[in-house]
Each structure stands twice: as structure tokens, then as C-alpha cells.
Amino acid sequence: MNNFINIDALDGATVHEHTRTGRSVEALKRAFIDNLFYVTGLPLAKASPQDHCLVLAYTIRDRLLERFIASGQDYKRSGAKTVCYFSAEFLLGPHLGNNILNLDLWNNVEQAMHELGLDLSTILEQEHEPGLGNGGLGRLAACYMDSLATLEIPAIGYGIRYEFGIFDQEIRDGWQVEVTDAWLRNGNPWELARPTLRYPVNLGGHTERYDDTEGQQRVRWIPGYTVYGQAYDTPILGHGVNNVNLLRLWKAEARESFDLHAFNLGDYYGAVNDMVVAENLSKVLYPNDEPEAGKELRLKQQYFFVSCSLQDMIRIALRDVGGIDRFPEKFVAQLNDTHPAIAVAELMRLLIDEHLLEWDQAWSITRRTFAYTNHTLLPEALETWPLELFQRILPRHLELIQEINRIFLDDVRIRFLGDEQRLARMSLIDESNGRRVRMANLACVGSFAINGVAEMHSELLKETVLRDFHEMWPEKFNNKTNGITPRRFIALANRRLSTLIGDTIGGDWLRNLERLRELEPYADDAQFRVDWRQVKRGAKVDLSNYIQRVIGVSVDPDSLYDVQVKRIHEYKRQHLNVLHVVSLYNRLKHNPNLEITPRTFIFGGKAAPSYRMAKLIIKLINSVAETVNRDPQVNRFMKVVFIPDLSVKTSQWIYPAADLSEQISTAGKEASGTGNMKFSMNGALTIGTLDGANVEIRNAVGHENFFLFGRNIEQVEALWMNGYRPHQVVEEDPELRAAIDLINSGLFAHGDRQLFTPLTDNLLHHDPFLCCADFRSYVDCQEDVGKHFRDMEQWNRMSILNVARVGHFSSDRAVREYCEQIWKVVPVSVGDGR
């Protein structure tokens, strides 16, 4: 078959295009038909929508691969330093639309599909996204990979190729039910298996001392067993550039998948036992770690992926720079939270035990390689492992950590004479809590830089959970406020808005989001405000149709879409939002003539399978929704919906449609948040506390364009110090008392008065996240929101200004700061690969 087609160019010349790389409509059509035949063995007439999605993915991937190969060659030729992003999660979202967008092929692909009698949007809906993350942490990693490629920074993302990702969420009788996320069921056209990139990972066993040929005493790890990690590569394309970076995920395997000898002896289970044990390591994202087996598997997973990754980096360094001593010249490794912190000890093991370096040289290389991002202010969320578990699974690493700790604590003793309590706090081993290894402390000691993810968060780190380390090494600490990629969350998720922005300010604003500032004068342009509102209403109609299709509830696109979608957790205070909903319901029941702004309350998010209170909050939301939505007295003014199975894919329906973004966590609890940025970039106004990145967003968009409520962190601390009594607060606020009583009455539980008492009792007697304390401020602020929404002209102005002023929160800006201030890396431009 002829692989070239002739295309008539605009200047009358004839252009020869290869069907695997051509960009024209004709080349795309030919490539699609060829792939349909050669990949699926089907003619167009018999192919299903899922087949269409698979085939289009291969068609688009073909156009990535030349750039992918060229990027690797140019990076190697340049000798540039490479960023390695270590993350247990990469919540990428569907690849197909994003890659079409970044290749600047949207119009041509849409036209090609249309000429073949197919609809691009229908094809895109077929793609099952990789659920390789739980929430903000994994989505941040994905945004940073997008920005690294767009900024032309050589980078490798390292993680785990989980066979089953974050569970799919179904709602049955109002309760969350977890269903297996078999995201690989239909194959993954975006990944490239690398069977020759396979590394051994030892586990268990014991260590022994021996003398090497030089008479130097060494340590040999005699493992209990060994698994292997095989690489699977996913190309990550930048926007408007030829650079394609690498996401390398590891799958766990046995040395041999089948023991023929055991099988021939009749031991059929034993024949595959090694395979089952090995593959469990990459079987599922975040196994339930309540049971001991779950904790053990989590630790093994973390070690597995960092060991494979560091072995891979050493291979590349020896190939490209010739000597292990130059390792930090070739690589900088960013630890995305504490999950990969064991990398500090593993690099030491590889350098000392495998490459026979002396301690001081190995420690110097290690501390020049790693940088650490902290994502939490909650002390209980700073990962620790029982010493006994560590000893059993990673005996050599425990020895190394103990030696690192001995040397480190001697430095602390010299710096802070006689401060025994400080020594106990900073030790890598917690001796007071059943003896546990502190992974955040290990990350701090083994890294040359430590950063928080919002200005407020970074300052609080210095004052609270990492205060001792800041006092020891103030020069290590800095802030890098999170950001999100505008390619996915504006251009892909909200194509109407992207088109309006492009038509208004022109140019490549997606690569320079600060250009959104040019929209500010248009806030006073009456026609532009009309166009803006039409864009928003179109997105709201799309979401209302989606809600009708998925959960069978009809919602009014002219109502105020009040949205809180994020991981379900008490500190994020979805139950405070529900208290407002119940209070509003109460008001309408007692005063049917009450003038209110019609609202649609939209919730979404997953609760950890073992988090009982979070799952009860989901049940309460759905129970309140059931009652409100069927009550004819109130459902003209308010509806409540819970959108199941929140993901990157479903969120792309939600962010563009939101009028109000709920960012209502207790002050001092949220590290940053990125949902707040996604909503603001799509024109939603925020109701929120002074927590995480809310503070910076409010300063950026203007205080007058942000609905602020609740106690700040100083007031929160004062409240606890003075003896907070939530029951007294409830008794002093009749509306709050009535809301809690209504929940306890059984109205939302078919008469069951006990169903929600664990939640309401916790509010009345403990209220650890101050829902009761902030309730009155929140409800009053919500009334102000309703009044503003009724003035649609002013609301549109505020919406436009929110978008115009949030360019700072692009992940491009965040990654550029990392590059310049932490990683010290420079761009490498890639040719077109031809």
C-alpha cells in the first residue's frame, strides 16, 4: 500500500504527506482507516465506538512518536540535566483529547471524523481514563508533567503502573460502593512496553558483613525473595513545542511467571505463586492499610517503584556522563510527598553496596540529588512505618537509616546543645510511639530543598510540623505555590471559553497565562459580558444534561450552580455545606413565600474505603438530596445532586459550569488545593476560608470578588486554647440547632433517627473541624452570594475578573520556579523529528 498521499497546499504546490505522520484531514482519514484495518481487523461499518476510540488513539500516537524519539536523542546529545519526578500517583485524565489539542490538530481531526460519518465528542467519551491517583497529589503530578514538556525541560516521571486504579464509585441507596477500576480492560494504546528495561527488587531476608577484595568491610543483603520491575513508557507531549517527555511506570513481575516443575508435580497453585506474589505489588492503587497486610503492601509498593527508578537513573547516568560521581549533574529528583522518601536510603544502598562508594561520597551525591515537596499540615498524615515492619521488609535500609540518624543527631546535638526534646522530635526513629520510622524526617535530612505548596502552607510548615528542620536548615526551605495546566482545564474542558478568550486577546495565551490580564477591560464591555454569560450558560446546559443522563435528576441551568467536588474528608467540610442546605430547606418549609436565589447544590467526591465518617457524609448528602428533590414545596427553588465517580473526565463537565466554588476547609488544614484554581480559571466565584491557596487567589482576583467567611488560623488557635464548646455554639444559634435536629429526626433517613447520630454527635460534642463555629458566618456569607447572583451584570464582571487575574496559578509558572530556584535546569528545544 502507498503510505504517501498528495495534498494540494494553499499556494498551489503539492505536498507529499505520510499517512502515519500527516496532519491534513485526508492524511488523518487515511491513517484512521488503515489503523482500523490493521489494528482491529475491522471495516468501518462493523467497528464499535470503542473501536473508533482505540483506532483514533493509535492514529494520534503515531504523530507523537517521531517527536518522542527526537526528544530522547536531542536530550542525550545536549547533555542537559534531567528532572525526575517521583510520585506514587499520576492522575493523568484521558489522553486522547489532550494529545489532539497539544498537537494542534483539533479542527482537522474533528473534520476527518465528520467526513467518515463519526462524531469526535462521542469518540472521546469512550476513553477510560487511567485512575492512577487519588486526588490533588496525582493531578498535580500530571499537570507538572504537562508543563515540563511545554517548557521544554527534559523530564521523566516515575511511578507505578497499577493494574487497578482508584476505585470506581457507585452510589447504591445513597451509600458509596467501591467497584474495581479495570482501566486496562480494553488495552492502553498510549503506553510502550519496554521488556528489556527490567530491574530486580529485593525484599525481606537479612544482611551479612563481608570483606571486599580491598579488605574493606561491606554489607551484603541476602533477600528473602526478589521481584522484577518492567518499564512501561507513556509519551507526554508539550503544547506548541516538539518536546515529548517520558512517563515511565513500573509493573511488578516474577522472575518466571510459571514454574513448570511445580506444575508437573501437581502443585498447580505453586506453579503460579511467584507470579501472584510479585504482581500484587503493582496490582492496586492504595490498598486498604487498616489491616497489617495492607500496610506491608503499601511499604513494598513505595520501595518497589523508587528502587526500579533509581536503578534506571543510574543506568542512564553511566551511559551519558560516564561516572556515578557525576550523578547529580545528570539528574535532580523531586519527591512528591513522603511516599517516595525511601529513595534516600535506596540511593545510599545502591551507591555503597552495589557501586562500592564510601559513605561520605555516597551521602554527598544523595543530598545533592533529592528535593522534597511536603503536601500536608496534618501531623497524622506524615507517613511513618513500624520499625518491626521495616526490619522485616527492608532490613538493609533500616541499617542505613539508623546510621544516617546517628550522624544527623550528632549534628543536632552540636547545633542545639542539651536540647533532648528536640533530638527526640527530629530523630528519624520515633521512640515514643511504638518505635516508627519517620519518612518526612528522612526526606528532610536527605534533600537539599524542602518546599510547601502555598505561601500560607509553607509558612505554617516552618512554624509547626517541620519547625525543627527549618531552624536547623532555614536555607533549604522555600515556597512553590501549586498550579494547574490551562491546556486541560480551560482549552480542553471549556472549549467555548477558550474560543472566546482566543478571539478576544489572540495569540498563544495557553503558553503564557498571564496574558489573561488583557481580559480585564472587557469586564466593562456590555457585549462581551453577554458573550461571557452565553458561554457559561452553554456549559451549565451541558452539565444539566449530564446530570439528567447519569442520575436522572432535572436541574435548572438558570439557577445558581453551587459546587463542591473534591475528596470527601471532614476537614474539607462537606458537612458544613450540608448544614447550610438543610437550613435553607428549613427556611423554605416554614416560609414558602421566602425570596431566595434558586440554587442547584452539586456535590461529588470519593471517600477512602475505610473512612467511615466520610462515607456517612456521602450518605447524608444523598439522603438530603432525595428528600429535597421530591418535595414540590421547595424543589422549584433548590435541588441537590451528588455526581458519582468524580474523576478528571467527569470534572471536565463540572468546572466550566460552576457559578460558585466551595473552598470551605478549616483554616490551617488545607495545604494548597488546586480545585480552587480550576474553578476560578473557568469563571466561578469562590466562597472560602483563609486556607491554603485561597489566600493567594483572593489577593489575586481582588477581595471584592471573593466571598470570605470563617475564622482565620489565629482565631482557630485561640478558639481551641480558650476551650471550644460546640454544644454551646449550637444552643446559641437556633437555625443551627434546628438543622441538626432535622437531621436527627429521621426525615432524611426514612424515619431512622440513629443513622446520622455518629455525625451529629461528633458535631455537638467534638466538632474537630469547627463546622459549628463557622456555621453562622458561612450561612450569612451564602445570603450575600445569593444577592450578588441576582445582579447578573455585576456577577459577570466579577466572573470575568476572576479569570483575568488567575494567570499566576498556571502550572507553567510553578514549574518555571522549580526549574530556576530548585532544580537549576534549562530548556532544550527539540526539532520536528524529520
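**Close-up 1. Helix H6 is mostly covered, with 14 of its 15 residues buried.** Buried here means under 20% relative accessible area, computed with a 1.4 Å probe and protein chains only. Helices are DSSP runs of H or I with at least four residues, strands are runs of E with at least two, and both are numbered from the N terminus. This is a predicted model, in which local features need pLDDT of at least 70, side-chain atom pairs count only at pLDDT 80 or more, and totals for chains, interfaces and linings use all residues. Residues are numbered from 1 along each chain as its sequence is written, and side-chain values use heavy atoms, with hydrogens and water left out.

**Close-up 2. From end to end, H6 covers residues 136-150.**

**Close-up 3. Stepping back, the protein has 33 helices and 24 strands.** Its radius of gyration is 28 Å, close to the 28 Å from the globule rule for 834 residues, so the protein is as compact as a globular protein of that length. That radius is taken over C-alpha atoms, and the rule is 2.2 Å times the number of residues to the power 0.38. The C-alpha atoms fill a box of roughly 90 × 85 × 60 Å along the principal axes. Of the 834 residues, 62% count as buried.

How values were computed
Buried < 20%, exposed > 50% of the residue type's maximum accessible area, 1.4 Å probe, protein only. Expected span 1.5 Å × (residues − 1).
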